Amino acid sequence: MSLESYLPTSVRSRYALKLLGISLLIVLVITALTTVTVFQISDRVRDNQLRSVETNAELEARALGQWIDGKQQVVRTLSNHEGLTPVSENRTQATLMAELDALSAETASLSVVERSPHTRSDGTTEPIVASTDTRFVGRPLSVSDINWKPTVGFNFDDTDDVILSLVYTDGDETFVALASPMPDGEHVLVAEYQTSVRAERFTSAVSGTDTLVLGGFTAYVLFDENESNGITPYEGGRLNTTIGRTILQSDPTTDIHGTVLTDTEVKAYYSVPGKKVDWVVVKEVPRSQALAVTDRVQRDLWLLVAIVIAGFLLIGAVIQLGPIRSIKQLARQANAIAEGDLSVDIDHGNRIDEVGEVRSAFGNTKAYIETITAQAEALSRQAFDDDVLEADVPGRVGESVATMHHDLQQFITRLEVLNRILRHNLRNQIDVINTHAEMLDGDHREAILAATGTLASLGTRARHIDHILSKDPQPTPIDLADRIEAVLSDIEASDVTISTAVSDDVTVRTDPEILATVLRSPLENAVRYADSSVRISAKSSDQGCTIEISDDGPGIPTAELEPLATERETPLQHGRGLGLWELKWGVDKLDGDLSFVTDDGTTVVIRLPNLDAA
């Protein structure tokens, strides 16, 4: 026994009520599942966003640690510079100046300081021997305001040691100093670096992010990208912030990291790596920016729930409006169309639901059949200019009609062209024959022979055109350089210089006989009308090849090219021979593209694709 048998008769007899009940059940299930998913995904996305901000802080901390390591290596190297010699203060001064110019922008000064290697010092009384800041020369090191770490002072373990100062202020700027003993042990190279300049290189993944560097002992802001003046307490009170308390409660040598979420900001912090560095990088991102993805996911998921509920309610409402009746009406109209009655009026109405879509589909089907019928009638009348033939008919039927249109028009155009040109030339040449035949002598005999030769050549070309247009292309790999050379060998060009720019690797897959015809026509024309030179170039690609034939002649008249564009010869507008038509029809037969440039001489551009072997 089926589940449907347990339903009341009133429900079983009405498909709409069954569908409505199922829809409501689906809405309840989707709503419950989506609600759970919203909270799970929101928490996951929020955690990912917080980790992203912390990762950004970690990257900044590592970059800052690498910066300190790099500066330590620079100071260690400079302290061994042979140009820094206590023997010559002038040479030392000049060396410091030269090295300062070569260093990065954050390098504020370089100084050589005298010291007593066996006496512990706090770095205040040592005299400055030479300095890029000439105000300090001859004065004690204390004038530089460098704040050496109390636990280290101005003392070194050995001549390879490098010490790092605390961050200190000088006016409105913040600095940090590095010092390393020189080889004699009695002098020290001291380098001051402007941390505010280094702060300009801070980067953030989220716009609106503030980057700060806090001290590991004090939790004071040492420097930041906003270039705050001096060293200031973090957010006005170190113990009032989670990050401040974490720093003060941790050993400065311990690596700390984490994130803090407030009502307005997401804050991430990470210790700068390095034994001699006790800095902590802090990234402060507006909550609206950091958690924008989380908020968007929540909003989109709830919107999805609302859309699903609205969609099922709409389905129920549409069913109640009687879709079955509309479907039966459409079925009757479809049967009438199938029987050939195109007078059926399909009322689209104002419905935009599924029933409206079915009505529209039947209307499109009727319009499709009407268009095909009208196009067939136009083709039967040979009315190729009828606007109905411009209508786009999709599918295999449309392709067949388009092919029929193209083939029929091309066939009739060929007949018209051949008929008009043959009549035109035959009439002219016969007139020549008649005129000269009246006065037969040696010269007139030659004129008659030339005229009859022209007629014979014209007939031969017409038969050749008919042959290549009637054959099926046989795709064959062709070396263009050899093919062009073979065609040129049959063309006389005693007064014209012919140059070719075709490499040996230029190939195309096409029909060799039709290609020879396509090449011969423009080459003969170029040689015939060129003033002095003809140039031929070709290049190939994965899709096919492009051939350009240029001459410096007067250029093909527009009247000669217009029939090719319109594909129609008229009594007042026709080509003076079959050469251009032979070229165009040959390119069309090879599925190619033909264009002309007549600004300076004539350039014929032929683009041919690689034909499929099938």
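Which helix gives the largest share of the lining of the largest cavity? Point 5 has the reply.

1. **Confidence.** This is a predicted model. The mean pLDDT of the chain is 79. A value of 70 or more is reached by 70% of the residues. Residues 572-576 fall below 50, and this stretch makes 15 contacts in the model beyond near neighbours in sequence. Where pLDDT is low, the predicted coordinates should not be read in detail.

2. **Overall build.** The chain has 614 residues, and 41% of them count as buried. Its secondary structure comes to 15 helices and 19 strands. Take the contacts with a separation of 6 or more: 59% of them join residues 24 or more positions apart.

3. **Largest nonpolar core.** This core holds 44 residues. Leu480, Leu523, Val534, Ile547 and Ile606 have the most contacts inside it. Several elements give two or more residues, including helix 11 (442-470), strand 16 (533-540), strand 17 (544-551) and strand 19 (602-609). Helix 13 (512-529) is also on that list, and it gives the most, with eight residues. Now look at Val534. Leaving out residues up to four places away in sequence, Val534 touches Val496, Thr497, Ile498 and Ser499, among others. Its contacts also include Ala526 and Val527, as well as Ile549, Ser550 and Asp551. Another core, of 39 residues, lies apart from the largest one. Leu64, Val129, Leu164 and Val272 are among its members.

4. **Second largest pocket.** Its volume is about 600 Å³. The lining has 32 residues, and those closest to the pocket centre are Lys149, Thr151, Val152, Leu164 and Leu166. Strand 3 (163-164) and strand 8 (220-224) are the elements that give two or more residues to this lining. By type, the lining divides into 16 nonpolar, eight polar and eight charged residues.

5. **Cavities.** The whole structure has three cavities of 30 Å³ or more. Helix 2 (15-79) and strand 12 (279-286) each supply at least two lining residues. Here is the reply to the opening question: helix 2 gives the largest share, three residues.

Definitions and conventions
Residues numbered from 1 in each chain as written. Predicted model: local features only at pLDDT ≥ 70, side-chain atom pairs only at ≥ 80, totals over all residues. Heavy atoms only, no water. pLDDT = per-residue confidence, 0-100. Contact = heavy atoms within 4.5 Å. 1 Å grid on protein atoms, 1.4 Å probe; cavity = no way out; pocket = protein on both sides within 12 Å on 5 of 7 lines; lining within 4 Å. Points joined across faces, edges and corners; volume = space filled by probe spheres on them. Helix = DSSP H or I, 4+ residues; strand = E, 2+ residues; numbered from the N terminus. Nonpolar A, V, L, I, M, F, W, Y, C, P; charged D, E, K, R; others polar. Core = buried A, V, L, I, M, F, W, Y, C linked by side-chain atoms within 4.5 Å. Buried < 20%, exposed > 50% of the residue type's maximum accessible area, 1.4 Å probe, protein only.
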